[in-house]
Amino acid sequence: MAHVVFALGGRRPRLSQDEALELAELLASRRRFAAQSASRKIRFQASRDPGSGEASEDIELDREELEEVEAVLAEAREPEELPRFERLRSEVLQTLREGPPPSGRYGS
């Protein structure tokens, strides 16, 4: 099964394809631009098929997108859902505490 990897500083937490698509769906339900943008980035990478030569890339999110991801992951969840997103939420929170990542592909 393919994994989706997040580029968060030096850390690279990952989700399974199904978990990434679930997160993308949760983000898509929010009406903020940053949430929609993060959802598209996650969905794009989760839909890649490494078996047919489509290499996935680490997902880079800007500060606003990270804040939306953290907000979604902080929402109340069923107990069985918590472990799936726990590491990602921890890494997102740490990245947000360390300061904003560069904006855009080239840090501009």
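**Helix packing and sheet arrangement in the predicted model**

Helices α1 and α2 are roughly antiparallel to each other. The model in which this pairing is seen is a predicted one, and the assignment follows from the crossing angle: the axes of α1 and helix α2 (residues 33-46) lie 8 Å apart and pack at an angle of about 160°, and an angle over 145 degrees counts as roughly antiparallel. The crossing of α1 and α2 is left-handed. On the side of α1, the contact is formed by Q17, A20, L21, L23, A24, E25, L27 and A28, and these meet A35, Q36, A38, S39, I42, R43 and A46 of α2. Sorted by class, the contact of α1 with α2 comprises 10 nonpolar, 3 polar and 2 charged residues. Another residue of helix α1 is E22, which has a relative accessible area of 22% and is therefore partly exposed, given that buried residues are those under 20%. The C-alpha atom of E22 is separated by 9.8 Å from that of I42, a residue 20 places away along the chain.

The protein as a whole contains 4 helices and 3 strands, and these elements follow the pattern β-β-α-α-β-α-α when read along the sequence. Of the 108 residues in the protein, 34% are buried. Among contacts between residues at least 6 apart in sequence, 57% join residues that are at least 24 apart.

The strands form an open sheet of 3 strands in the order β2-β1-β3, with mixed pairing. Strands β2 and β3 are the edge strands, each of them pairing on one side only. Helix α1 packs on this sheet, where it touches β1 and β2, and the direction of α1 makes about 100° with that of β2. Within the sheet, strand β1 (residues 3-7) and strand β2 (residues 14-16) run antiparallel and are joined by 3 bridges, with V4 standing opposite L15 in β2. The hairpin of β1 and β2 has 6 residues between the strands, and in this hairpin G9 takes a positive phi near 65°. On the other pairing of β1, 2 bridges connect this strand to strand β3 (residues 59-60), and the two run parallel; here F6 stands opposite I59 in β3.

Helix α3 has packing contacts with both α1 and α2. The axes of helix α1 (residues 17-28) and helix α3 (residues 63-74) come within 10 Å and cross at roughly 100°, an arrangement in which α1 and α3 are therefore roughly perpendicular to each other. The contact involves L23, L26 and L27 of α1 together with E68, V69, V72 and L73 of α3. By class, the residues of the contact of α1 with α3 are 6 nonpolar, no polar and 1 charged.

For the pair α2 and α3, the axes come within 8 Å and cross at roughly 85°, which makes α2 roughly perpendicular to α3, since that category covers angles of 65 to 115 degrees. Residues A34, A35, S37, A38 and K41 of α2 make this contact with E64, E65, E68 and V69 of α3. The contact of α2 with α3 divides into 4 nonpolar, 1 polar and 4 charged residues.

Residue E68, which lies in helix α3, takes part both in the contact of α3 with α1 and in the contact of α3 with α2. With a relative accessibility of 8%, E68 counts as buried, because that value falls under the 20% cut-off for burial. When neighbours within four places in sequence are set aside, the residues in contact with E68 are L27, R30, R32, A34 and A35. Of these, L27 belongs to the α1 side of the contact between α1 and α3, whereas A34 and A35 belong to the α2 side of the contact between α2 and α3.

Key: Residues numbered from 1 in each chain as written. Predicted model: local features only at pLDDT ≥ 70, side-chain atom pairs only at ≥ 80, totals over all residues. Heavy atoms only, no water. Pairing = 2+ DSSP bridges. Axes fitted to C-alpha atoms, helices over the stretch in contact; angles between N-to-C directions. Parallel < 35°, antiparallel > 145°, perpendicular 65-115°, else oblique. Contact = heavy atoms within 4.5 Å. Nonpolar A, V, L, I, M, F, W, Y, C, P; charged D, E, K, R; others polar. Left-handed = near helix turned anticlockwise from the far one by under 90°. Buried < 20%, exposed > 50% of the residue type's maximum accessible area, 1.4 Å probe, protein only.
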